[in-house]
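Here's a quick tour of a model, meant to be read with the viewer open. Have the sequence at hand as well.

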Amino acid sequence: MTHTPSASSWLDEIPARIAALDAAHLRRRRRAVEPAGDSAGGAVLRVDGREMLAFCSNDYLALAGHPDLADAACEGARSFGVGAGASPLVSGHSTANEALERELAAFVGLPRALYFYAGYATNIGIVPALVGDGDAIFSDALNHACLIDGARLSRARIHRFAHADLADLATQLAASTSRRKLVISDAVFSMDGDVADIPALLALCERHDALLLLDDAHGFGVCGPQGRGSLAAVGLSGASASRRVLYMATLGKAAGVAGAFVAGPDDLVEWLLQKTRSYIFATAAPALLACALRSSLRLIEQGDGRRAQLRRLIAQLRQGLQPVLARSGWQLGHSDTPIQPLLIGGNAEALAVMEGLREQGIWVPAIRPPTVPEGTARLRIALSAAHTDEHIHRLVQALDRLAPASASKPAPMPAASLPGA
């Protein structure tokens, strides 16, 4: 039978929908990137063929280009080959992956860890493995998309509490009649750089018989003694670890490689191994990455100098921007982490500032809805230990040239949820 195409198809709408993104200043595009010269640390990149000073990478400790990691990956490839060949529960769980899991658990001070090939796959898999239909999830309004999507996939009832609003969370927990309750929160929020009150979240979970899942993608390697993460920073690891906490962190940011892990009580991690579909039905991460990550853990542990450099650069940037903020009406988020959000307001305005920086040889990404709420488009300035005082001075001077003499202030950092969250 010959199929006769209809006169009109919904596929014909796609060009108009793309045009609508353009009209709203919401179309995104990729850029082809490579290291520039000897800048293995990533502070200077060649972007679409042009050398740029970059403030856009989550490689906070400048480890991605470290020669020790490259050497470990090459040795791993020689020993194990390039691919894993199968899922972890078939034959893909190498001795290198096994060793990495033991070392990750010890590093963050928790009983057991499970290593995944990607952070997004971790959260969209473990949330449905923990709760389902008839259960309740309590999600911070500014959580990362992978936590939001994991909650949706679980089919549990989702309760969103206003960002960092513990009173709102307490009220919602008290009103819930679900037997199984899961509180999910970023530890360091990816677009605002602020840090969750983990002890207070845990206290509420203890009071209401809930489990706490923390996503420390942007805290691991940066926060806590020797970079052991946000749980260690508040004294909730090791002997003080709680059975009510699952700790998740990614390994492609401060660790400089790729992948993610979840750590916590042995029985909970065993349950996740048995029930997480994104773990069971996906090819394991290659052993060469585990080899590189084991090297990275040693560098993180020895990286107090890199973390001190980060703290100094954060202070320099925040102080240097004060005159710019006073004149422009732009706002700098309340963050002591390498994530420094400069709120511009409108989408077009944020893109214009990004383009103005690009013309001066500086790359800072403009972040727009739906990643952030309407009216809070911003530059997400990401600092790295590879940056120097001169780099910060150059960025501040460039922003000073672009700042309007007067401007209406962008919307305040919101507590409301993202559209569709």
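## Ground rules and confidence

This is a predicted model, where local features need pLDDT of at least 70 and side-chain atom pairs count only at pLDDT 80 or more, while totals for chains, interfaces and linings use all residues. Residues are numbered from 1 along each chain as its sequence is written, and side-chain values use heavy atoms, with hydrogens and water left out.

The protein averages a pLDDT (the predictor's confidence in each residue, from 0 to 100) of 93, and 94% of the residues score at least 70. One stretch to treat with care is residues 414-421, where pLDDT stays under 50. The model has 22 contacts (heavy atoms within 4.5 Å) beyond four places in sequence for that stretch.

## Two helix pairs

Helices (H or I, at least four residues) and strands (E, at least two) are DSSP runs, numbered from the N terminus. Start with α2 (residues 67-80) and α12 (residues 287-301): their axes are 7 Å apart and the packing angle is about 150°. Axes here are lines fitted to C-alpha atoms, for helices over the stretch in contact, and angles run from 0 to 180 degrees between N-to-C directions. α2 and α12 are therefore roughly antiparallel; the cut-offs are under 35 degrees for roughly parallel, over 145 for roughly antiparallel, 65 to 115 for roughly perpendicular, and oblique for the rest. On the α2 side, the contact is made by D68, L69, A72, A73, G76, A77 and F80, and they meet A287, L288, C291, A292, S295, S296 and L299 of α12. By class, that contact has 10 nonpolar, 3 polar and 1 charged residues. Ala, Val, Leu, Ile, Met, Phe, Trp, Tyr, Cys and Pro count as nonpolar, Asp, Glu, Lys and Arg as charged, and the others, Gly among them, as polar.

Now look at α5 (residues 119-130) and α10 (residues 266-275), whose axes come within 9 Å and cross at roughly 105°. That makes α5 roughly perpendicular to α10. Here I126, A129 and L130 of α5 meet L268, W271, L272 and K275 of α10. The tally for this contact is 6 nonpolar, no polar and 1 charged residues.

## Strands

Two strands pair if DSSP finds at least two bridges between them. An open sheet of 4 strands runs in the order β11-β12-β15-β14, with antiparallel pairing. β11 (331-332) and β14 (366-367) stand at the edges with a single partner strand each, so one side of each has no neighbour in the sheet. β11 pairs with β12 (residues 339-345) over 2 bridges, and L332 has L342 in β12 as its bridge partner.

Elsewhere, β2 (residues 44-47) and β3 (residues 50-54) run antiparallel and are joined by 4 bridges; R46 is partnered with E51 in β3. They form a hairpin with 2 residues between them, and D48 in the turn has a positive phi of about 50°. β3 also pairs with β13 (residues 362-363), in the parallel sense and over 2 bridges, with I362 in β13 as the bridge partner of L53.

Most residues other than glycine have a negative phi, and most peptide bonds are trans. H25 isn't a glycine, yet has a positive phi of about 60°; find H25 in the loop between α1 (14-23) and β1 (33-35).

The peptide bond from P369 to P370 is cis, with omega near 5°. P370 is in the loop between β14 and β15 (377-382).
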